[in-house]
Amino acid sequence: MSETELVLRSRRVVTPEGTRAASVVVKDGRIAAVLPYDDRAPAGARVEDFGDDVLLPGLVDTHVHVNDPGRTEWEGFWTATRAAAAGGITTLVDMPLNSLPPTTTAAHLDTKRAVARSKAHIDVGFWGGAIPGNVKDLRPLHDAGVFGFKCFLSPSGVDEFPEVDQQQLAAALGEIAGFDGLLIVHAEDPGHLDAAPEPHGPKYADFLASRPRISENDAIAGLIVLAQRLDARVHVLHLSSSDALPLIAAAKREGVRITVESCPHFLTLTAEEIPDGATEFKCCPPIREAANQDALWEGLADGTIDCIVSDHSPSTADLKTADFGAAWGGISSLQLGLPAIWTEARERGHTLDDVVRWMATAPAALVGLDRKGAIEPGRDADFTVLAPEETFTVDPQALQHRNKITAYAGKTLYGVVRSTWLRGRRINDGTTLTEPTGELLERPHRP
Ligand SMILES: [Zn+2]
């Protein structure tokens, strides 16, 4: 007995070959076929016709701080995965820090998985962490299925996840290159941060001056040299400084195995608009000027920047004091990334095909998840149904993440998520979320 088939139809289905009218046949949780819109559905199949609403692949967000266990008052797997599902995301990869324990040993990974298993509304994978002294733990974490390893070059904000110095970075990357793993890097150079004026008080300009572009640029330049020397795969997290784009583009041309992400806040918010004391906009590296943002969009358009991911990093409200020096650095946007980016992208002449490439296909490829990130036969039947011409105004209270704080409060955005589908099951109908049916993912093993 095979599963009853499901057919999802839309006049606008975003496929790797472009957007077109199509019928997507789902069987056993996978996409079995993508057929012409008017094709007769198989006998007995259930048909859902979305009309002019757009059928997208479920988004893949490879940069989420879930903080569970240990800082569950900041966020947790239950709330984070509900926010993701409501925002059209069907796969997330959890960052190794801000939870207690951090994901820096295989035993800690087991702890995280045990906590996540029953709470995951979408599919969840894990990054490992590279910190001083845990080189011996990297291979066991890799074998246990993490998608790669995160390190910081400057203080992370939490004591249990220290940064690595250049020697420790080289040791970790050498080990990771030995099994052809992936190192993902928070690239801000600590020397330049130390030399910059200390941030304090409510003025955003003072905070911005404390995290200069050169700190990102030099850290990335050093990483490129190291990746080249060790023939290692590296990924630059949350790129904010557009000044680094030419050197990244040059490295890519020379065959250095480097990829880059940026985030909705760098691409849709600007330093000029941030009010004094508004630390819901604080993150590291910081949101920069409008001209910098324009250059980041050029980097996306020409392929220098590969993907857009949230870097959702919430905290409790009491840690978001009005002092930019003291406040927790992190922006909450898990549920809003798609509409925020779509609103800006359409304004700049980009299509939903571009948005899908940046927010689904490329992040899936980054972590080797061939089953995710595109509507084509053989992939998981993960979908988002979007009304791209419809707008809504962001009400923080309506968001699913734990602490109702966001830099997008009050913004009017294009793109209403009508429903979200995970392996052929509707998990979000636009108002209600089902019980958790997400799976814990491991890095696919290559033959
Ligand atoms: Zn982060």
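Student: Where is aspartate 429 found?
Tutor: Aspartate 429 is in the segment after β17 (425-428). Helices (H or I, at least four residues) and strands (E, at least two) are DSSP runs, numbered from the N terminus. Residues are numbered from 1 along each chain as its sequence is written. Keep in mind that this is a predicted model: local features need pLDDT of at least 70, side-chain atom pairs count only at pLDDT 80 or more, and totals for chains, interfaces and linings use all residues.

Student: Is aspartate 429 buried or exposed?
Tutor: Aspartate 429 is exposed, because 12 other C-beta atoms lie within 10 Å. The cut-offs: buried is 20 or more other C-beta atoms within 10 Å of the residue's own, exposed is 12 or fewer, partly exposed is in between, with C-beta atoms placed from the backbone.

Student: And how far apart are aspartate 429 and aspartate 53 in space?
Tutor: They are 13 Å apart, C-alpha to C-alpha, and 376 residues apart in sequence.

Student: New topic. What is the strand order in the open sheet of 6 strands?
Tutor: β9-β10-β11-β12-β13-β14, with parallel pairing. Two strands pair if DSSP finds at least two bridges between them. The edge strands, β9 (128-129) and β14 (307-308), each pair on one side only.

Student: How many bridges join β11 to β12?
Tutor: 4 bridges, between residues 182-186 of β11 and residues 233-236 of β12. Isoleucine 184 has histidine 235 in β12 as its bridge partner.

Student: Which strands does helix α7 touch?
Tutor: Helix α7 (residues 213-230) packs on the sheet and touches β11, β12 and β13 (258-262). Contact requires C-beta atoms, placed from the backbone, within 7 Å.

Student: How do α7 and α8 cross?
Tutor: At roughly 10°, with the axes of α7 and α8 (residues 245-253) within 10 Å. Axes are lines fitted to C-alpha atoms, for helices over the stretch in contact, and angles run from 0 to 180 degrees between N-to-C directions. The two helices are therefore roughly parallel. Under 35 degrees counts as roughly parallel, over 145 as roughly antiparallel, 65 to 115 as roughly perpendicular, the rest as oblique.

Student: Which residues make that contact?
Tutor: Ile220, Ala221 and Ile224 of α7, with Leu247, Ile248 and Ala251 of α8.

Student: What about α11 and α12, at what angle do they cross?
Tutor: Roughly 140°, for α11 (residues 337-347) and α12 (residues 352-366), with axes within 10 Å. That makes α11 oblique to α12.

Key
Two residues are in contact if their C-beta atoms, placed from the backbone, lie within 7 Å.
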